Amino acid sequence: MTTATPVIEVKNLTKRYRDTLAVDDVSFTIEKDTIYGLLGRNGAGKTTVMSILTAQNFATSGDVRVFGERPYENARVLERLCFVRESQKYPDDALAKHAFGAARLFFRNWNEELARQLIEDFQLPMKTRIKKMSRGQLSAVGVIIGLAARAEITFFDEPYLGLDAVARQIFYDRLLEDYTEHPRTVILSSHLIDEVANIIERVLVIDRGRIIMNEETDAVRNRAANIVGDANAVDTFVRGREVLHRESLGHVASVTVLGALTAEDRERLAAAGLDVAPVSLQQLIVRTTQHAAARAAASDEGALR
Amino acid sequence: MIEEGRALFLQIAESVEDAIIDGSLAEEAQAPSTNELAAFYRINPATAAKGVAMLADKGVLYKRRGIGMFVAPGARELLLRERRAAFADRFVDPLLAEARKLGLTPDDLAQLVRDRASAPAATTEGNVR
Amino acid sequence: MNRTVNVVRMQLINKQTFVWVPLIVLGASFAMSIAIYAVLYNAGIPGPFYGGGSQAPLWVLLFVGVSSLTLTFPFSQAMSVTRREFFFGTMLAAAMCAVILAAVFAIGGMVEDATNGWGINGYFFALDWVVASGPLGAAFFYFVMAMLIFMLGFWSATIYKRFGATLLTTIWVGIGVLMILGFWAIGSFDAWVEMFTWFAELGAVGFAAWGLLLTVVLGGISYLTLRRTVP
């Protein structure tokens, strides 16, 4: 349908701190006008990756191209990007209007009308110094900048952590609305996966510096199922399949199994008296991450022996 | 409305199909636009577009250039045929499985179906979805 | 509008840092100095009075230099500004500040000259040695001093941000040690007279030229350090 244009190309990106490997040989491509979810646990490497893409941090090795060029000290590229961080530092004396005023100077697509509407939506106090704002208000400032800047590539690094559920919903709604009218590339990092599941088109899961999933959201949605019932029957069914997670209580076992279920499978399950429950995107990603971690630990142990 | 564990674009397509089948979206009527669907379900417009595209590929919707997507003539028939074929898989098989668990024979089932079908209108009204 | 120039406007968001504190310190030290001179004059002491008060607004620039980095650099990164744009924009803001300060001092010096020290033979702006070079020379001198002190603050803050407090402290201690060694060397060669003569011959403008060189060197180091600094 639409020809895919890569706007970001990352090849073998590695970031090493003194004794930790924060980003480990990561490669991926970001397509134009798509909303990506960059998902992973705290400390998985999401912020590091985004910082390197926006030239705020530096790679140890590997190649990063944004709009075909290296972003480091490249004003031509950087002015088309916007990185909204989780805890952003603002100039000491700044009021919200100073931050937005500065944003208007530097982001060429800045829309004042949208900013005004968002200020109202988030009920942002315009007379309070930013350093005196609450966590939620501080997050709102960042979110408003990110949305109203309408930068061609916008990164949101869990900026809505201080926002309550209502404010978060406002953010998702406004993001979708504005994205629909003014398509752009958005990379949203979050650990509230189920909240953003319907917004993101592609899922990039990063765990301990490695990308463990890079797929279309819809493709992943029916990737797993929860089989619940008599432990023996369950184990018989899941033989030969990849099991992500197993729980049991007495005779009853609940197993998360990888692989879409065919009609035949469903017949077998019904015949065996087993229940099938859908697996939410969050559950799937959590289980996949844990599974990958367990596998890594096992292979580490093997290597140590 | 939106279920877990199933591709979103399929669910969107299905909701449009449901409307066509129950008659609320007539043939040759304009289908909801991608943006309208996205806004209503609070999902990414690209996902909604995928669902609409799938329906177009299937022949359920067609595009009138410059105006939008419309319900194709014969769409309802097409969908009914499709759903009837899937009906046995989706509804009858689970019914039989559950009946087996409870020790009901197919004949018992048939009788139940006939009974319920001819029950007075008052009891069935409560089951309207 | 040019992005680098817009950095100036970004720095000026912190009005307290760039405008109010320097102005208040300037005003307060001036007022206090004159007040003290007035008391002394009225007590019968003829003067002329020179004090260290006029240094205060210059040393404030150390604080301004530090703040211009610590308070604004992280935000500039959020505004997708390059480190080069930030550096030159900040230097431009500093230069504007220094020009205004230099003008105030130069004009103040001329007024003091004309009024014989505000009528009480007290001098705040017009340091003998500096005024000897004329108002333009004085202006150049104060401009460079302002920039140099600002740069000391900016440079220190950059080192701190990039390498941490330990290295910064070590560097300053090292500089202190070098200066002490320098004074000891001058002392052991009994070269004090030569040193003061050299200064006097250099004049304010010559001294300022050396200061300018030092400013540029520190600027270069700051820029290179900044290039690898994370907000």
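A: Pro48(C), leaving aside its neighbours within four places in sequence, is in contact with Gly117(C), Asn121(C) and Tyr123(C), where contact means that the C-beta atoms, placed from the backbone, lie within 7 Å. The model is predicted, so local features need pLDDT of at least 70 and side-chain atom pairs count only at pLDDT 80 or more, while totals for chains, interfaces and linings use all residues. Residues are numbered from 1 along each chain as its sequence is written, and chains are lettered from A and ligands numbered from 1 in the order in which they are written.

Pro48(C) sits in the loop between α2 and β1 (49–50) of chain C; helices (H or I, at least four residues) and strands (E, at least two) are DSSP runs, numbered from the N terminus. Pro48(C) counts as partly exposed because it has 13 C-beta neighbours inside 10 Å. On this scale a residue is buried with 20 or more other C-beta atoms within 10 Å of its own, exposed with 12 or fewer, and partly exposed in between. Gly122(C) is 74 residues away from Pro48(C) in sequence, but their C-alpha atoms are 5.7 Å apart in space.

Chain C as a whole has 10 helices and two strands, in the order α-α-β-α-α-α-α-β-α-α-α-α. Of its 231 residues, 39% are buried. Among contacts in chain C between residues at least 6 apart in sequence, 82% join residues at least 24 apart. Its C-alpha atoms fill a box of roughly 60 × 45 × 30 Å along the principal axes.

Chain C also touches chain A, with 24 residues from chain C and 23 residues from chain A. On the side of chain C, α1, α2 (15–42), α4 (73–78) and α5 (83–114) each supply at least two residues. That side divides into 10 nonpolar, seven polar and seven charged residues, with Ala, Val, Leu, Ile, Met, Phe, Trp, Tyr, Cys and Pro counted as nonpolar, Asp, Glu, Lys and Arg as charged, and the others, Gly among them, as polar.

Helix α3 (residues 96–106) of chain A has several buried residues, among them Ala99(A) and Phe100(A). Their cover includes α4 (112–121) and α5 (135–148) of chain A, together with α1 (3–11) of chain C.

Ala99(A) is also one of the residues that touch the most other members of the largest nonpolar core, which has 166 residues; Ile144(A) and Phe150(C) are others. Such a core is a set of buried Ala, Val, Leu, Ile, Met, Phe, Trp, Tyr and Cys residues joined through C-beta atoms within 7 Å. Helix α8 (residues 134–163) of chain C gives the largest share of this core, 19 residues. Ile144(A), not counting residues up to four places away in sequence, touches Ala115(A), Leu118(A), Ile119(A) and Phe122(A).

Chain A has a further partner: 23 of its residues are in contact with 22 residues of chain B. The elements of chain A giving two or more residues to that side are α6 (165–181), α8 (217–221) and α10 (263–272). Chain B itself has six helices and two strands, and 22% of its 129 residues are buried.

Note on methods:
Contact = placed C-beta atoms within 7 Å.
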